[in-house]
Amino acid sequence: SAVVAFDAETGVPTGWRYDPPPHRKLLAEGDSLLSADHVCLPDAWTNAAIDADGTVYIGHMSGNLFALRDKDGDGSLEEAAGEVRNYYGGRAYQGSPGIADGMLTATPCDGLHVFLQAPAA
C-alpha cells in the first residue's frame with residue numbers, strides 16, 4: 001500500500017509517493033486473536049488530513065502516524081531530508097487526523113492521541 005499524490009486539476013499522478021515499511025503481521029498493530037477486547041480491524045490507511053503548510057498526516061495499520069511533506073518541492077519524499085516523520089503509537093489508527101491551531105489529534109483503535117505545538121519562546 002502507498003500514499004500517492006495527484007494533480008488536483010488533471011487527476012494525473014504527480015510522482016509524489018510514500019511506501020511505508022512492509023507490515024508483515026497477520027493483524028493490525030495492537031490487535032490480538034486471543035482477546036475480543038483487542039480487535040480493531042482497521043483499513044490499511046486512515047483518511048488523510050493536510051495542514052496549511054502542505055503536510056499530510058495519515059495513520060497506518062502498523063501503529064504509525066506519518067507526517068509527509070515535500071519540503072523542497074522536488075516531487076519526491078526523502079526521509080533523510082526530514083520529509084517523512086512518524087510517531088509509533090502501538091495501535092493501528094483509524095478515522096482521520098484532526099488539525100486545529102497548534103494541535104493535531106489522531107485516533108488509534110483504543111483512544112485519542114493529542115499532539116500540541118510547543119509554545120513559542
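The numbered points below go from the overall fold to the central strands, the cores, the charged pairs and the surface.

1. Basis of the note. This is a predicted model, in which local features need pLDDT of at least 70 and side-chain atom pairs count only at pLDDT 80 or more, whereas totals for chains, interfaces and linings use all residues. Residues are numbered from 1 along each chain as its sequence is written, and side-chain values use heavy atoms, with hydrogens and water left out.

2. Overall fold. The protein has zero helices and nine strands, where helices (H or I, at least four residues) and strands (E, at least two) are DSSP runs numbered from the N terminus. Read along the sequence, the pattern is therefore β-β-β-β-β-β-β-β-β. The C-alpha trace spans about 45 × 40 × 30 Å along its principal axes.

3. Of the 121 residues in the protein, 34% are buried; buried means under 20% relative accessible area, exposed over 50%, and partly exposed in between, with a 1.4 Å probe and protein chains only. Among contacts (heavy atoms within 4.5 Å) with a separation of 6 or more, 40% are between residues 24 or more positions apart.

4. Pairing of β5. Two strands are taken to pair if DSSP finds at least two bridges between them. β4 and β5 pair in the antiparallel sense over four bridges, with L68 in β5 as the bridge partner of V56. These two strands form a hairpin with four residues between them, and G63 in the turn has a positive phi of about 90 degrees. β5 and β6 also run antiparallel and are joined by five bridges, one of which pairs N64 with Y88 in β6.

5. Nonpolar cores. A nonpolar core is a set of buried Ala, Val, Leu, Ile, Met, Phe, Trp, Tyr and Cys residues joined through side-chain atoms within 4.5 Å. The largest has eleven residues, namely V3, A5, W16, Y18, W45, V56, I58, F66, L68, L77 and V84. At least two residues of this core come from each of β1 (3-6), β2 (13-18), β4 (56-59) and β5 (64-68). A second, separate core has six residues, including Y57, A67, L104 and A106. Leaving aside neighbours within four places in sequence, I58 is in contact with a set of residues that includes V3, W45, F66, L68 and P97.

6. Salt bridges. Side chains of opposite charge can pair when their charged atoms come close. The structure holds four salt bridges, each defined as a side-chain nitrogen of Lys or Arg within 4 Å of a carboxyl oxygen of Asp or Glu. In one of them, D19 and R17 have their closest N and O atoms 2.9 Å apart; D19 is partly exposed at 42% relative accessibility, and R17 is likewise partly exposed at 43%. In another, K25 and E29 meet at 2.8 Å, N to O, with K25 partly exposed at 49% but E29 buried at 11%.

7. Where in the chain are D31 and R91, which form a salt bridge with closest N and O atoms 4.0 Å apart? D31 is in the loop between β2 and β3 (49-50), and R91 is in the loop between β6 (84-88) and β7 (93-100), so that the pair links distant parts of the chain, 60 residues apart. Salt bridges that share partners join D31, R91 and D110 into one network. D31 counts as buried at 11% relative accessibility, and R91 counts as buried at 11% too.

8. Surface. The protein exposes about 7500 Å², of which carbon and sulfur atoms supply 52%; accessible areas come from the Shrake-Rupley method with a 1.4 Å probe, and for residues only the protein chains shown count as cover. M103, L112, V114 and L116 form a nonpolar surface patch with about 390 Å² of accessible area together. Patches are made of residues with over 30% relative accessible area and no salt bridge, like charges being joined within 9 Å and nonpolar side chains (Val, Leu, Ile, Met, Phe, Trp, Tyr) within 5 Å. L112 lies in the loop between β8 (103-108) and β9 (113-116), and L112 is exposed, with a relative accessible area of 53%.
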